[in-house]
Amino acid sequence: MRIRGSTRLLVVVGDPIAHSLSPRMHNAAIAALGLDAVYVALRARGAAVEPLVRGLIAAGAGLNVTVPHKRRAAALLDVASETVQRTGACNTVWAHLGGITGDNTDVAAVRAVATRLLGARPARRALVLGTGGSARAAAVAVAEAWPEAGVEVLSRDAARAGDFLTWAGGAGVRAEPTDGAPVDLVVNATPLGLTPEDVPPLDRERLRHRAPAALLDLVYVRGRTRLVRMARDAGIAAEDGREVLLEQGAASFRHFFDVQPPLAVMRAAVEEALGV
């Protein structure tokens, strides 16, 4: 890959960000198609996000935005997709005629992977762990795939949980109170699991009591997270976030380049990093 003055810059912004496989996945696709571009990861905190995004967009870059900045990114847009408007969160940003434009490709990605995990079984009730932009995308994904499904949110912060429930009421999500009842689907939308020292957001006993048919952990690590391994040991169809990464990344790639991405190349890059 040659870097020159004409090379287009693509960036994933988050905190933490060192774990991200987006650069590896996107650069593999860029090389396969012979595009003049490069994809890098940048760590940014809090108030630094707005000037960083505006500066990069002004320079012609395209961005992916990850935890914890997806809601900040949504507030910067001149043109927001319907999914951004519904979730209040944005993970893909680029420049268009109308100005800074953004989409939330997480919604369709979570919907696709969760649907595959459940197979023919509908989700009548889902449990979303977390309250941030990824959690909102997961809740909307459930509402799109199974409109009658109830969505319960579990958070360690009562105020954030309350904000989530208020948002859900205006976003077409059938939010339900936390009561510990069994669910069909669990989605972990917290960063817990990125490091081996992290305690899983659900312990073994609570996972057994909730008795989900499927579990999707949006975190991805080599060997899969403790939560995924624990779920599989309990006979639950469980997967980490690698397929969500691939699905949302492919959609972002289409926004950036207006071409179909080489999915097999992107999947191979992720599997090489994480193992099959």
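Two strands count as paired if DSSP finds at least two bridges between them. The model shown in these close-ups is predicted.

**View A. Strand S1 pairs with strand S2 in the parallel sense.** S1 covers residues 8-14, and S2 covers residues 37-43. The pairing runs over 7 bridges. Within it, arginine 8 stands opposite alanine 37 of S2.

**View B. A right-handed β-α-β unit is built from S1, H1 and S2.** Helix H1, residues 22-33, is the helical part of this unit. S1 and S2 are its strands.

**View C. Strand S3 also runs parallel to S1.** S3 spans residues 62-65. Here 4 bridges join the two strands. Valine 13 stands opposite valine 65 in S3.

**View D. Strand S1 is largely enclosed by the rest of the structure.** Buried here means under 20% relative accessible area. Of the 7 residues in S1, 5 are buried, so the strand is largely enclosed.

**View E. The largest pocket holds about 580 Å³ of space.** Its lining comprises 24 residues. Closest to the pocket centre are Gly130, Thr131, Arg156, Thr190 and Pro191. Helix H3 (70-75) and helix H6 (133-145) are the elements that each give two or more residues to the lining.

**View F. The lining of the largest pocket, sorted by residue class, has nonpolar, polar and charged members.** Nonpolar residues number 10. Another 8 are polar, and 6 are charged.

Methods
Residues are numbered from 1 along each chain as its sequence is written. This is a predicted model: local features need pLDDT of at least 70, side-chain atom pairs count only at pLDDT 80 or more; totals for chains, interfaces and linings use all residues. Side-chain values use heavy atoms; hydrogens and water are left out. Buried means under 20% relative accessible area, exposed over 50%, partly exposed in between (1.4 Å probe, protein chains only). A crossover is right-handed if, with the strands pointing away from the viewer, the path from the first strand over the helix to the second runs clockwise. On a 1 Å grid over the protein atoms alone, a cavity is a set of points where a 1.4 Å probe fits but cannot get out, and a pocket is an open set with protein on both sides within 12 Å along at least five of seven lines; lining residues have an atom within 4 Å of a point. Grid points are joined across faces, edges and corners, and a volume is the space filled by probe spheres set on the points. Ala, Val, Leu, Ile, Met, Phe, Trp, Tyr, Cys and Pro count as nonpolar, Asp, Glu, Lys and Arg as charged, and the others, Gly among them, as polar.
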